[in-house]
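Morning, everyone. Let me put the model on the screen, and then I'll walk you through it.

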Amino acid sequence: MTEKTKKNRVLVGKPGLDGHDRGAKFIAQALRDAGFEVVYTGIRRSPEEIAAAAIQEDVDAVGLSSLSGAHMRLFPAVVEALGKAGAPDIPVLGGGVIPDEDIAALKKAGIVAIFTPGTPVDKIISAFQDACAKK
Amino acid sequence: MTIDRLLEGLKARDPRAIGRAISLVENGDENADLILSSLDEDLVSGATILGITGPPGAGKSTLTNGIISRLRQNSERIGIIAIDPSSPISGGAILGDRIRMMQHATDRDVVVRSMATRGRLGGLCATAGAAVRIMASCGCSTIIIETVGVGQSEMDIIRLADITLLVLAPGLGDDIQAMKAGLLEVADILVVNKADCKGADILAMDLEAVARKGSSTPTQVSMTVATEGKGITELLDRIARLDSEHRDSGERNKRRRGAHDQEVLEWCLEILRPKLLAEITRRNLPLAGDPRLKAKKILEEQ
């Protein structure tokens, strides 16, 4: 048989109207440098678009970034859209300007990890590695 | 997902199953053979494979997006394989071609797959070929392979295509860039995108002059403004005419034969590579002596 060449594949994107993509691009590059294949879908995506792209690309995990305060609505909406599209097993991670008091609610809504400003990049990478390994 | 459910899903053209199937083949999974032998050969041989190549920033993805929009008006199901380079250092990749096509993200009849080159010598051609067939077997009547036209493995992928477009844009270099070996030779149709920008006419003239050399049929240049959808209908008409000429003249079959043999060769090498490496390691050969002679000896004894 041919050599097994499994790579971690993730999607990084921004749901909603927030156009500040510095953080998302930083994470995408950090993941690339850690050996991930990163499908970058850019800004202003609907949860349904992100879910459809994640499924077509067969990613192991989805990373979302939000800096505009809409995370409580949009992050769970992506989890829900993945479920509806037949991929409830793809884990969703999120980061951005997220108040501490929202974190528990987001985790309850199915987001497996939340990163706030100042999180060391290694911690984020290893969370993605864990998410990919579990899938 | 179990393999039985995956095969059922492929028959039902389920997007999840298509995505999974391509991954399993790409990753050399043991179920890849089952998937590849379940495909509908009639659909595979009937589909048109379009190659789109050109330098970064020429507008390949945006043009692809315009072609998708146009073909979807005829309710065609379309597959896109968008290839971006892997980092030779980390092995990672940013796959960003999809951004330009996100307007079609929720359209189930537009199947997009991003693929990293993964630094494989030729193996990419084999996996991209498998992805093309999976998409075709799932009803995609046109499949677009999009890749930056530099490097050997990218050139090999373009050989999978029935018709190849070379997309250039003004401001990315003069006609000498286009004269460099490789790019022009693989193209059936030359496209100057961003035709509303300064220098587009001069680029088109230069290209016509360069492409004419050494070829009996003058290469006509198509002008497009992909961001506005301009020139795409005309371009698709040209592609359809050329495709039908190629079908009549036997050129299409000739190319499919060439691509087929190349792919079989690559799979042979892919399958042999780990076995040979294991054999070489097992022998623990002395450092002295010529590697070529040793290689011949090993192959003779297999």
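Ground rules. This is a predicted model, where local features need pLDDT of at least 70, side-chain atom pairs count only at pLDDT 80 or more, and totals for chains, interfaces and linings use all residues. Residues are numbered from 1 along each chain as its sequence is written, with chains lettered from A and ligands numbered from 1 in the order in which they are written.

Chain A. It holds 5 helices and 5 strands. Helices (H or I, at least four residues) and strands (E, at least two) are DSSP runs, numbered from the N terminus. From the N terminus, the order in chain A is β-α-β-α-β-α-β-α-β-α. Its C-alpha atoms fill a box of roughly 50 × 35 × 25 Å along the principal axes. The radius of gyration of chain A is 14 Å, which agrees with the value near 14 Å for a compact globule of 135 residues. That radius is taken over C-alpha atoms, and the globule rule is 2.2 Å times the number of residues to the power 0.38.

Burial next. A residue is buried if 20 or more other C-beta atoms lie within 10 Å of its own, exposed if 12 or fewer, and partly exposed in between, with C-beta atoms placed from the backbone. In chain A, 50% of the 135 residues count as buried. Now contacts: two residues are in contact if their C-beta atoms, placed from the backbone, lie within 7 Å. Take the contacts in chain A between residues at least 6 apart in sequence: 74% of them join residues at least 24 apart.

Over to the sheet in chain B. Two strands pair if DSSP finds at least two bridges between them. Chain B has an open sheet of 7 strands, order 4-2-5-1-6-7-8, with parallel pairing. Strand 4 and strand 8 (221-223) of chain B are the edges, each pairing on one side only. Neighbouring strands are turned by 20° against each other on average, direction ignored. Axes here are lines fitted to C-alpha atoms, for helices over the stretch in contact, and angles run from 0 to 180 degrees between N-to-C directions. Helix 5 (residues 60-72) of chain B packs on this sheet, and its direction makes about 170° with that of strand 5 (142-148) of chain B.

Look at strand 6 (residues 163-168) of chain B. How many of its residues are buried? The count is 6 of 6. Ile163(B), Leu165(B) and Val167(B) point one way, Thr164(B), Leu166(B) and Leu168(B) the other. On one pairing, strand 1 (residues 48-54) of chain B runs parallel to strand 6 over 4 bridges. There, Leu50(B) stands opposite Ile163(B). Strand 7 (residues 189-192) of chain B also pairs with strand 6 in the parallel sense, over 4 bridges. In that pairing, Leu165(B) stands opposite Ile189(B), and Leu168(B) has Val192(B) as its bridge partner.

Now the chain interface. 32 residues of chain B are in contact with 30 residues of chain A. Which element of chain B gives the most to its side? Helix 2 of chain B does, with 6 residues. The chain B side divides into 13 nonpolar, 11 polar and 8 charged. For the classes, Ala, Val, Leu, Ile, Met, Phe, Trp, Tyr, Cys and Pro count as nonpolar, Asp, Glu, Lys and Arg as charged, and the others, Gly among them, as polar. Strands cross the boundary too: 3 bridges join strand 2 (residues 37-45) of chain A to strand 3 of chain B, running parallel. One of the pairs is Val38(A) with Ile94(B).

Inside chain B, the domain assignment gives domain 1 (1-38) and domain 2 (41-251). Those bounds come from an automatic or database domain assignment. Their contact takes 9 residues from domain 1 and 10 residues from domain 2. Helix 2 of chain B gives the most to the domain 1 side, with 6 residues. That side divides into 7 nonpolar, no polar and 2 charged.

Asp58(A) has a positive phi of about 50° although it is not a glycine. It lies in the loop between helix 2 (47-56) and strand 3 (61-66) of chain A. Buried or exposed? Asp58(A) is buried, with 22 other C-beta atoms within 10 Å. Asn284(B), also not a glycine, has a positive phi of about 45°. Its loop runs between helix 12 and helix 13 (291-301) of chain B. Asn284(B) counts as exposed, because it has 6 C-beta neighbours inside 10 Å.
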